[in-house]
Number of protein chains: 2
Amino acid sequence: MNSLSLSPNLEVWFFIAQKPLFLLEAANGQTANVINGKSIARAIRAEIANEICRMKETIVKSPGLAIVLVGGRRDSRTFIRVKLKACEEVGITTYVEEFPEECTEDEVLRVVSRLNNNPSVNGIIVQLPLPQHVDEERIVNFVSPEKDVDGFHPLNMGNLAMKGREPLFIPCAPKGCIELLLRSGVEIMGKRAVVVGRSKIVGLPTSLLLQRHHATVSTVHSFTKNPEQITSEADIVIADVGIPNLIRGSWLKPGAVVVDMGTNQVQDPGVDQGFCITGDVCYEEAIKVVSAITPVPGGAGPVTIAMLLSNTLDSAKRAFEFI
Amino acid sequence: MNSLSLSPNLEVWFFIAQKPLFLLEAANGQTANVINGKSIARAIRAEIANEICRMKETIVKSPGLAIVLVGGRRDSRTFIRVKLKACEEVGITTYVEEFPEECTEDEVLRVVSRLNNNPSVNGIIVQLPLPQHVDEERIVNFVSPEKDVDGFHPLNMGNLAMKGREPLFIPCAPKGCIELLLRSGVEIMGKRAVVVGRSKIVGLPTSLLLQRHHATVSTVHSFTKNPEQITSEADIVIADVGIPNLIRGSWLKPGAVVVDMGTNQVQDPGVDQGFCITGDVCYEEAIKVVSAITPVPGGAGPVTIAMLLSNTLDSAKRAFEFI
């Protein structure tokens with residue numbers, strides 16, 4: 001490979017395609033540790049599969065997860081396929097309830113009600129976004145908090161926020177983010193953390209969860225006047241913005257740890273599907289500055305899915321009183 | 001008065017005793033604006049009283065607030081007395097449910113249930129703290145979210161945290177804090193705010209609420225390594241620590257705005273009752289640095305009570321469908 005014949009960006013992409021991710025570090029001559037989300041997720045899935053085996057052997061029961069899909073969005077179908085496959089692999093029984101785009105809110109509520117009352121279903125997820133004419137808040141609030149494995153019910157969110165309370169479920173992406181940090185040996189307590197973004201399903205609950213782990217948390221968002229300066233003071237940076245490569249190397253403190261929760265489709269005529277997935281952090285610049293970083297893809301994504309399995313298992317254990 | 005004959009501290013206290021608070025500014029030769037919580041609260045109470053008059057005239061109904069008190073704590077009795085008096089003055093009907101210290105959890109739950117179902121009661125507050133043998137979480141969660149005028153129910157807290165959601169009630173102290181800022185002409189959007197403390201009834205919801213107003217919020221707490229440095233970067237500082245005079249002048253950026261939510265009893269043999277009430281901020285040092293500050297007492301406290309009245313009125317308006 002003659003690197004001179006390629007632009008710097010293409011070179012990196014080519015490089016990623018050729019080498020396993022964990023080798024990036026040495027090959028780039030950087031000290032950054034690439035946090036391998038795929039392998040961490042694999043380890044978590046193995047632990048979950050073991051627990052489900054033990055459950056089946058002991059009480060002849062297994063966890064069940066129901067997914068409610070309204071409308072035919074292609075990205076939603078892809079996400080659901082990934083979740084179903086992950087469930088199957090660890091031994092979680094799945095149920096899919098599909099509605100056409102033009103269904104009514106009441107039809108969805110009736111099915112959620114049935115799932116709430118079905119003892120074989122331990123977790124219910126309503127795939128978001130819903131079509132405009134269906135009230136997301138009403139549907140999400142209608143999911144039983146005891147089966148809210150996405151952790152999006154305001155009751156679970158409130159208990160996540162409140163010191164001394166325990167939510168039944170923590171949203172999967174934030175829970176996965178902490179898991180990535182802990183399993184990579186990153187200390188959270190007393191560290192300065194900046195969460196860039198404050199979405200109600202990722203950024204906000206991640207801030208709350210980091211605070212529960214005793215980090216000093218600042219939240220940076222579109223109204224923040226000097227996001228670069230604030231972010232550059234952080235020991236831990238969590239990105240949840242939805243803007244590819246927003247966070248440049250200059251935003252990061254040398255030695256910081258970065259978890260990139262962004263998954264942005266960026267046009268790329270060089271690949272078959274016409275786009276590639278990139279994060280919110282400019283990876284090529286960041287690895288020259290930070291001490292550890294998650295790649296996109298292969299970082300936060302797989303661990304988020306693993307947390308959905310973990311929440312479903314926890315819910316089943318509670319319902320079946322299986323310790 | 002010969003100031004040379006007094007120690008600096010005594011001098012200040014003597015001075016406070018002699019002059020109305022709003023004169024402090026000029027008399028000290030400082031530019032700090034003393035945010036007069038008493039007068040802001042008075043204005044809010046007048047608005048509420050007007051609305052209740054209009055309600056009585058229009059639909060011949062008035063808001064009702066029930067207070068549940070368990071045990072005989074003297075401070076709880078004082079707080080309740082203040083709340084009852086404030087209700088009476090604006091035309092809110094009050095109900096007090098008192099239990100002896102040794103009552104059972106079920107007895108309290110039964111009364112809360114009765115209040116939940118009583119259409120004359122629009123707001124229910126359970127005076128905290130409860131005796132050790134009564135499960136606070138269970139009681140607070142049992143209050144109907146539609147009557148939770150303290151805003152402590154996790155459902156309301158979750159909806160406060162989540163962007164795009166609207167809680168039925170915002171906790172009184174945080175709501176009062178924002179009211180103090182807005183009525184003093186302090187812009188919140190885009191400003192850097194530091195909340196010192198993360199209690200579930202003051203610090204945490206204040207952080208969430210400031211974020212809803214688009215401040216860039218950092219939360220500082222006992223695990224924070226450099227609280228002084230972080231606090232000194234803030235345009236707005238909210239103190240909720242419970243340690244008298246913790247926040248010194250050196251913690252504050254020149255021109256910052258400070259809301260002191262602390263109410264600490266400090267021994268003072270010089271006064272009749274043997275103690276005085278001080279905040280978490282060293283007021284004498286702060287007024288030399290900041291552009292505006294709330295005193296303690298007479299700052300956040302009166303506005304917190306006014307917000308309880310406001311929440312109760314809002315609840316009654318919703319229940320009676322009175323616009």
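**Stop one: a pair of helices**

Start by selecting helix 7 of chain A and helix 9 of chain A: their axes come within 9 Å and cross at roughly 35°. Helices here are DSSP runs of H or I with at least four residues, strands are E runs of at least two, and both are numbered from the N terminus. The axes are lines fitted to C-alpha atoms over the stretch in contact, with angles from 0 to 180 degrees between N-to-C directions.

Now show side chains. Helix 7 of chain A brings M157(A), N159(A), L160(A) and A161(A), and these meet P205(A), L208(A), L209(A) and R212(A) of helix 9 of chain A; contact means heavy atoms within 4.5 Å.

A note before moving on: this is a predicted model, where local features need pLDDT of at least 70 and side-chain atom pairs need 80 or more, while totals for chains, interfaces and linings use all residues. Residues count from 1 along each chain as written, chains are lettered from A and ligands numbered from 1 in written order, and side-chain values use heavy atoms, without hydrogens or water.

**Stop two: where the chains meet**

Show both chains: 37 residues of chain A are in contact with 37 residues of chain B. About 3,400 Å² is buried between chain A and chain B, and carbon and sulfur atoms give 55% of that.

Which residue forms a salt bridge with R165(A)? Zoom in on E137(B), where the closest N and O atoms are 3.8 Å apart. The rule (a Lys or Arg side-chain nitrogen within 4 Å of an Asp or Glu carboxyl oxygen) finds two salt bridges across this interface.

Terms used: Buried area is the accessible area (1.4 Å probe) that two parts lose on being put together, summed over both.
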